[in-house]
Amino acid sequence: MKAEPFDPEKERAALFGLTEESSDEERRQVTFEAAAKARTLSVTTISPDQRTAHARILSFYLLSDGNLYTGTAMGKAVYADLQTNPRVTLTTAFYEEERLRAYGIHITGMLVRASDPAMIEEYWRINPGTRQMYIKGLELFEVLKLESGNGEIQHVYTAGHIARLRFGFGGEPAEPARYSIGPNCTQCGICEEACLTGTIHRGVNGCYIRTVDCLGCGKCREVCPVPGGIQIYSDGVYH
């Protein structure tokens, strides 16, 4: 399918109104609201022996304190995973097929035991079915809170164009973009010409990648003729 011409007005309507100027808190709030609307998210945990990744579907709810909550029985494998490593990855996607629009959410964070009695009670109020299921053994069920981490929301807002924003929450910073212009850039313009989405630009201080439009495909790094001209982020550093 041929990509639609780039339309700045459509871009401004992308990501539920979020922009590059939106704060981390604004990004978090909108993303959490979208995740709660989707309700069911895929949750990936790591087994106690650190050898196996487990994925399952859990329902998440946005409670009145602005945080996402879920719950599980303590006898389940997911609970055992969380006891040794509470860091999880949540993902979900939803579509508007008739208009070829797609949204994606990715959140990595700490899923820990909820400690606020008011939030635990609120969780049970909106989950009467689950409460009834465990009514003979509520002590076997634990309400969990997504406490801190980082995330990203993506929106294919028109054919051929994507918008994405990252954020941190609970004291953690946002994860840096996958690719960045490196210190050895000579501003030759090769990556700018090759970029699939036209997201590489030249400014008064040199070239830069407008990460909100970046596909993360790596084409810029592939064509760059200068070692270190385009850096890639992995293992916590750019190199």
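One thing before I go on: what we have on screen is a predicted model.

So what is that tyrosine doing with its ring? Some background. Now look at where the partners come from. Phenylalanine 16 is in the loop between helix H1 (8-12) and H2, while tyrosine 103 belongs to strand E6 (residues 101-113), so the pair ties together parts that are 87 residues apart in sequence. And is phenylalanine 16 buried too, or partly exposed? Partly exposed, at a relative accessible area of 42%.

Next pair: phenylalanine 167 with phenylalanine 169. Here the centres are 6.1 Å apart and the planes make 35°, so we call the pair tilted. Both phenylalanine 167 and phenylalanine 169 are buried.

Rings also turn up in a group: Tyr61, Tyr123, Trp124, Tyr134 and Phe141 are linked into a cluster by ring pairs.

Arginine 27 sits in helix H2 (residues 24-38). Leaving aside residues up to four places away in sequence, arginine 27 touches Leu18, Thr19, Glu20 and Ser22, and also Leu165, Arg166 and Phe167. Which side chain of opposite charge is nearest to arginine 27? That's aspartate 24, at 4.7 Å. A salt bridge needs a distance within 4 Å, and arginine 27, although buried, has none.

Arginine 28 is another one to click on: it lies over the face of phenylalanine 32, 4.8 Å from the ring centre.

Last stop, a sheet. As a reminder, strands of a sheet pair through backbone hydrogen bonds, either parallel or antiparallel. This sheet is open, with three strands in the order E9-E12-E13, and the pairing is antiparallel. At the edges are strand E9 (179-181) and strand E13 (237-238), each with a single partner strand, so one side of each has no neighbour in the sheet. E9 pairs with strand E12 (residues 230-234) over three bridges, and tyrosine 179 stands opposite isoleucine 232 in E12.

That's my tour, thanks.

Conventions. Residues are numbered from 1 along each chain as its sequence is written. This is a predicted model: local features need pLDDT of at least 70, side-chain atom pairs count only at pLDDT 80 or more; totals for chains, interfaces and linings use all residues. Side-chain values use heavy atoms; hydrogens and water are left out. Helices (H or I, at least four residues) and strands (E, at least two) are DSSP runs, numbered from the N terminus. Buried means under 20% relative accessible area, exposed over 50%, partly exposed in between (1.4 Å probe, protein chains only). Lys and Arg count as positive and Asp and Glu as negative; His and the chain ends are not counted. Contact means heavy atoms within 4.5 Å. Rings of Phe, Tyr and Trp (its six-membered ring) pair if their centres lie within 6.5 Å; planes under 30 degrees apart count as stacked, over 60 as edge-to-face and the rest as tilted. A charge sits over a ring if NZ of Lys or CZ of Arg is within 6 Å of the ring centre and within 35 degrees of the ring normal. Two strands pair if DSSP finds at least two bridges between them.
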